[in-house]
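Here is a briefing on one model, grouped by topic. Please read it alongside the sequence and the coordinates.

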Amino acid sequence: MLVVMESHATPHQIGAVVEAVRGMGLTPHPLPGATRTAIGITGNTGAVDPRALALLPGVFELIRVTKPFKLAGREMHPEDTVVLAGPTRIGPKTFTLICGPCSVENEEMILRTAEFLVQRGVKLMRAGAFKPRTSPYSFQGLGLDGLTILTKARQRTGIGIVTELMDTDNADAVEQAADVIQIGARNMQNFSLLKRVAKSKRPVLVKRGMAATLEELLMAAEYVMAGGNYEVVLCERGVRTFADHTRNTLDLSIIPPAKRLSHLPIIADPSHGTGNRDYVPSMALAALAAGADGLLLEVHPDPARAMSDGAQSLDYAMFDALLASLKRMADTVGVQIN
Ligand code: PEP
Ligand code: MN
């Protein structure tokens, strides 16, 4: 349910509606707009009759929200959301690059990569300190030491940090080190984790589960927003199909319907989406053409020696070539690379 206030409604009237919603045991979400405020209502609306709200002073109308993703959907929030992510923004008119190695391997390669990226105007670096690996024998990440290295890179270069949180135990530490908290594909429906990041002050990047529908992805975002954190970015990273010519099937066709149904920014990850660095540049350009708000890209100083995902990581020269192509296309489609 959405309560749309009159354009001249006073803060007192808006406050009275918020209180009335709480009094019904429901959760109000005030959504200030350009001309008027609306108040989204979540909770079990079946148990009470919110129609009484229509009679309160300053209320223009009540609108039933039909989709199950109330806060992530466009019905309650027609304008595109801009997510403030550390030193930059993710949203309309910009194309945000989040680049870096799969894992934090050591201090030297992280500082070098951070400096390389900053020189090229990239404002967000990705790198996992906690790594979800298929095999328990594979490199699991440096953990808390990895976060310390990322913090040093941020202090030295000013680059914003995007890093994965795998379990609630490490939430405080990741929150301190990260400008954006990444929820990996394998944890897209880890509801305890989603509820924890819903309490965070940091924006959250939710990666699509490998067999998740768009609605399931939006419901994962909904968990974060329902808990009070409205700063959510979606990420398409490929899904599992019968095709085996790439590691996953990068489903760029999710971008237009995601934009139609949701106001949240959506970025694409052609690195995990293809699993092969040779295919990353063309799919990165395709993501920009498809209307994505940015990219998550694996970039490594020496991919042949990477401790994880070397085959899909761009080296610095490949990244430079891709950046030049992205800039040309961005000019054509009228967005700013940041
Ligand atoms: C990653 O981005 O480092 C990662 C592990 O990706 P995903 O969760 O999409 O597999
Ligand atoms: Mn990876």
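Two strands pair if DSSP finds at least two bridges between them. Helices (H or I, at least four residues) and strands (E, at least two) are DSSP runs, numbered from the N terminus. By that rule, strand E2 (residues 27-32) and E3 pair in the antiparallel sense over six bridges.

This is a predicted model: local features need pLDDT of at least 70, side-chain atom pairs count only at pLDDT 80 or more, and totals for chains, interfaces and linings use all residues. Residues are numbered from 1 along each chain as its sequence is written, chains are lettered from A and ligands numbered from 1 in the order in which they are written, and side-chain values use heavy atoms, with hydrogens and water left out.

**Domains**

- The protein is divided into domain 1 (2-63) and domain 2 (83-337); such bounds come from an automatic or database domain assignment.
- The centres of domain 1 and domain 2, taken over C-alpha atoms, are separated by 36 Å.

- Six of the six residues of strand E3 (residues 37-42) are buried, so E3 is largely enclosed by the rest of the structure. Buried means under 20% relative accessible area, exposed over 50%, and partly exposed in between (1.4 Å probe, protein chains only).
- Thr37, Ile39 and Ile41 lie on one side of E3, with Ala38, Gly40 and Thr42 on the other.
- Strand E1 (residues 2-5) runs antiparallel to E3 and is joined to E3 by three bridges. Val3 has Ile39 as its bridge partner in E3.
- E2 and E3 form a hairpin, with four residues between them. Across this pairing, Pro28 stands opposite Ile41.

- Five of the five residues of strand E9 (residues 160-164) are buried, so E9 is largely enclosed by the rest of the structure.
- Gly160, Val162 and Glu164 point one way from E9, while Ile161 and Thr163 point the other way.
- Strand E8 (residues 124-126) runs parallel to E9, joined by three bridges. Ile161 in E9 is the bridge partner of Met125.
- From E8, the chain passes through helix H3 (residues 144-157) to E9 in a right-handed β-α-β crossover. Right-handed means that, with the strands pointing away from the viewer, the path from the first strand over the helix to the second runs clockwise.
- E9 also pairs with strand E10 (residues 180-183), in the parallel sense, over three bridges. Gln182 in E10 is the bridge partner of Glu164.
- The crossover from E9 through helix H4 (residues 171-177) to E10 is right-handed.

**Nonpolar cores**

- A nonpolar core is a set of buried Ala, Val, Leu, Ile, Met, Phe, Trp, Tyr and Cys residues joined through side-chain atoms within 4.5 Å.
- The largest core has 78 residues, and Leu97, Ile110, Met125, Leu295 and Phe319 touch the most other members.
- Helix H6 (residues 214-226) gives this core its largest share, seven residues.
- A second, separate core has 13 residues, including Val21, Leu26, Ile39 and Ile41.

**Manganese site**

- Cys102 (SG), His272 (NE2), Glu298 (OE) and Asp309 (OD) coordinate the manganese ion (ligand 2) at 2.0 to 2.4 Å. Donors are N, O and S atoms within 2.8 Å of the metal (3.2 Å for Na, K and Ca); water is not among the atoms, so sites may look incomplete.
- Along the chain, the donors follow the spacing C-x169-H-x25-E-x10-D.
- Glu298 and Asp309 are both buried.
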